[in-house]
Amino acid sequence: MTRECAVLLPGVCAALADPRQPGLDDTCLEKLLDWFRSLTWFDPTVELVRDNPCLTELITSVLALQDPSPSILSFTLQLAGILASSESRFQHLQQEKLLGRLFGREGPRGGAAWEDASVRSAWVKGAHSMVHHQPALLFLCSTGGMDVIFTLQGDPSLFVASAASQLLVHMLTFSLEPETSKALSAKDGDWPACAQMIVRHIQESLQSSSASHIEQSLKLLSSLFGSCFGSCYAAWTEVLWSDIAKQIESFLLEETVQAQPLLANLLLNVARSPVFGGTEGSFWALVTSALEHLTPVQAGPLAVGLLKLCKCPQDVRIQALTVLLQPMDCILRAASQPLECAGLLDESVSDPGTVESLLSSKTTCAGLLCQTLAHLEKLLSLKHLRVDLPCVSLLRSLMTILQFCNGFLSPTSPLGTTISRNLINCCRVQKSALDVLAALSEEKDCDTLIGSLFDVLLAYLQSPNTSPTVLKKTFQATSKWLVHLQELSCSNSQWQQTEKILEDVFVVLQKRLCSPCWEVRDSSLEFLTAMVKCLRGQKEFRQCLLSSEVLRLTENLLEDPESYVRASAVTAVGHLALITCFAPQSPVTGNLYDKESIVAKLQEILSTDSEGFPRRAVISIFTKWLREGCTGQLEDTEQFVSRVIQTVERDLDWEVRLGGLELVEVFCSQTICQLSQCPYAPVSSAVTSCTPHNELLQVFCRAKLFGFLFGSLCDCDKPVGQRACDVLVGLRGHFYPVSTLENPQEIEDSPAGRGIAWLQRTLRQGSLAQNFPTDGGGGVDFQDPESMMLALGAIDLLELHDELNKSSDHVEESPQSLLQDILATVGTIEDNEVDCY
């Protein structure tokens, strides 16, 4: 603790204990507790409380109050727990007889204040902070604290109940730490005293007739096995599991027990423990039983969790996959009667009738399918799935679901008719199915169904009943499958099928680009951009694009009334220009897609559009063009960059200015590569003054880069200043490669040197200097190569870099500032001493 804080602390403690003072903001109290946590974390000695007696006086004063406010009592409980986290401070507070009056039988847990949930929560948090040594553990066990924590497990406040459960997990784990080397204790089930109390409580709760007690214990067990307990205490994990396994098995068989939904999470957490890594044993038999007896909704999370485990036995893994595929199998079988193609499964894990009844019900059908589809999407995202997914049948099932949802399939079976009626126009299921459909495009076995698949996708793209959100998902799935189709046609020469599908897609896209709904226009432009990114190198795609009206319609949308659409149109036009304007042999001629015309249109948007989104899109596209070398020779690029940054530096949107700096960074990098002999070789000091360096500086000065960069250092938005500083530091590293920096004292006498000294002083003012002139004001010529060389060498850019990267609250949120603010709030400090931030 600093001397300044030690001087302020007694006044703060006195103010906190004074009932006449107005209540402090909870945020201030929380920050104060955070400060004490950091103090005690780094210093376990007793000196903190011994050298600052005001802390124990505060606790004593609050305890002496007849009716303390809940916020101050809560603060005191947490403060005492934090202070008592080390054994030496715990003993000191015990000698002062304070901990018993806070956490013991004579504490607040029997009074009126206990009715306030914040006080109960603070008691638990304080106890949790305290239990980091054995005396604190024994103290809670011997003063009735365990019964209080057991009771708070069922507290009406979920925050309190959760905190109590976490405390019990911590106490059980901590109580075993001295016992880790005693393997015999674990074999005999000889738990340490505190752990024995918790384990006995769990066993009694599991055997009670109270559903809430059973639920609390199952949640506690899930948290326990999900923590480090299951990994670090293998012997004890085995003992605990053997004590409760029979009871857990009985819950699975008693289907009326309300605790069943919690069993899946518990079994999954136990399965993650290394204790049950073998393929043999009763535990995996119990998991198999759970997959059979839990409902499909309850078993789904367990099944997907098991499939992610490396050490799950293969037969259990297959069974878990079967559980996930059952609803999809039911959909496929319900679609036609008699069955025209094989289903997904040869046999079911549980009764197929259960899944059928859930899908037949309007209230449960969509929920079950959405959960199943979400799990399947997770599995498809895994790089190493240890079971084979039946991708073809799964794709067929997804297509069936989508056709049920838009009414394009008329099933002949009674079950299919019911499911179809439940799913008609169900957006939730449509979006989930399309997500899985997109994920399946990465699989290689679905080629036989690709024609039917595009029929389904095109039906969604064409239908006026497709909602904008579902249409967006359809576009995303279509773009992924178009890439797959392109790869397929390259390998087996199916050009005609590819061309037909692309033609159909462009016909739909033309219609959607003219939609009265702005979300649809926006999604259509995003889809077009995605296609250009992936397929611009393919001849069939370019032919279909150029023979459609898409180019004209996209350019028209640059003037759309909705700013989001204008931004998406800018991005689409920018990517289309890579085909129409900047390709080596551009296939488009005429004014419509003339390069100068497109650049002029986008520059006009950058300088005149009233919304930030389109302007950000323009600067992003210009940077992309620059990266891909689309802006021509160096002289053309120099003029292009100069025009852009002169527009950008006046922009009120900081993200546009930041984009301008990214453009400058790319330009600098490319120019250095072009004009240097070897862009990656270190440059010796003898070469520093050679022609490439002079030419580089001249290019950068003509493009007016330095005025923009130094001006951005003083930008009122910190990310802009940080990025500008990064670029300047990079440039200095190129021009001064061996730390041969200029001495400011030696150059200050020259006219340029005096200007540089002014610039250094101005930059140190930070954002206060945000309006400083970049046109020669202050005697600095930002377009003079010699002056800029001096500036790069003399100005301490690394110091500026450190300053810019400091947190904006590094002063305001210091402990001293916090204590001053508290004293100011209670009126015991003069106004001019307050750090008002």
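Predicted model: local features only at pLDDT ≥ 70, side-chain atom pairs only at ≥ 80, totals over all residues.
The chain has 837 residues, of which 52% count as buried. Its secondary structure comes to 44 helices and zero strands. Among contacts between residues at least 6 apart in sequence, 71% join residues at least 24 apart.

Two packed helices are described by the angle between their axes and the distance between the axes. For helix α1, residues 3–17, and helix α4, residues 54–64, the angle is about 5° and the axes are 9 Å apart. Angles under 35 degrees count as roughly parallel, and α1 and α4 are therefore roughly parallel to each other. On the α1 side the contact is made by L9, P10, C13, L16 and A17, which meet C54, L55, L58, S61 and V62 in α4. By type, the residues of this contact divide into nine nonpolar, one polar and no charged.

Helix α1 also holds A6. With a relative accessibility of 29%, A6 counts as partly exposed. When residues up to four places away in sequence are not counted, A6 touches M1 and N52.

In soluble globular proteins, nonpolar side chains tend to be buried together. The largest nonpolar core of the model contains 278 residues. Within this core, the residues that touch the most other members are W241, L306, W625, F700, F706 and F710. Helix α20, residues 314–335, supplies the largest share of the core, with eleven residues. The surroundings of F706 can be listed in detail. Leaving aside residues up to four places away in sequence, F706 touches L697, F700, C701, G711, L728, L731, F782, M788 and L792.

A search of the whole structure finds 17 aromatic pairs. One of them, W114 with W123, is edge-to-face, with 6.0 Å from centre to centre and 85° between the planes. Both W114 and W123 are buried. The pair of F622 and F640 is edge-to-face as well, with a centre-to-centre distance of 4.9 Å and 75° between the planes. F622 lies in helix α34, residues 612–627, and F640 in helix α35, residues 634–648, so the pair ties together parts that are 18 residues apart in sequence. F622 and F640 are both buried. Ring pairs also link F225, W241, F283 and W284 into a cluster. W241 of this cluster is also among the core residues that touch the most other members.

N425 is found in the loop between α24, residues 414–423, and α25. Its phi is positive, at about 60°, although N425 is not a glycine. The relative accessible area of N425 is 49%, and this residue is partly exposed. K704 has its place in the loop between α37, residues 691–702, and α38, residues 705–712. Phi of K704 is near 60°, again a positive value in a residue other than glycine. K704 is partly exposed, with a relative accessible area of 34%.

Helix α25, which spans residues 427–440, contains R428. R428 touches A366, G367 and C370, residues up to four places away in sequence not being counted. Between the C-alpha atoms of R428 and V470 there are 8.7 Å, and the two residues are 42 residues apart along the chain.

H201 is found in helix α13, residues 193–207. Buried residues have under 20% relative accessible area, and H201, with 15%, is therefore buried. Apart from residues up to four places away in sequence, H201 touches F150, Q153 and S217.

Methods: Residues numbered from 1 in each chain as written. Heavy atoms only, no water. Axes fitted to C-alpha atoms, helices over the stretch in contact; angles between N-to-C directions. Helix = DSSP H or I, 4+ residues; strand = E, 2+ residues; numbered from the N terminus. Parallel < 35°, antiparallel > 145°, perpendicular 65-115°, else oblique. Contact = heavy atoms within 4.5 Å. Nonpolar A, V, L, I, M, F, W, Y, C, P; charged D, E, K, R; others polar. Core = buried A, V, L, I, M, F, W, Y, C linked by side-chain atoms within 4.5 Å. Buried < 20%, exposed > 50% of the residue type's maximum accessible area, 1.4 Å probe, protein only. Phe/Tyr/Trp six-rings, centres within 6.5 Å; stacked < 30°, edge-to-face > 60°.
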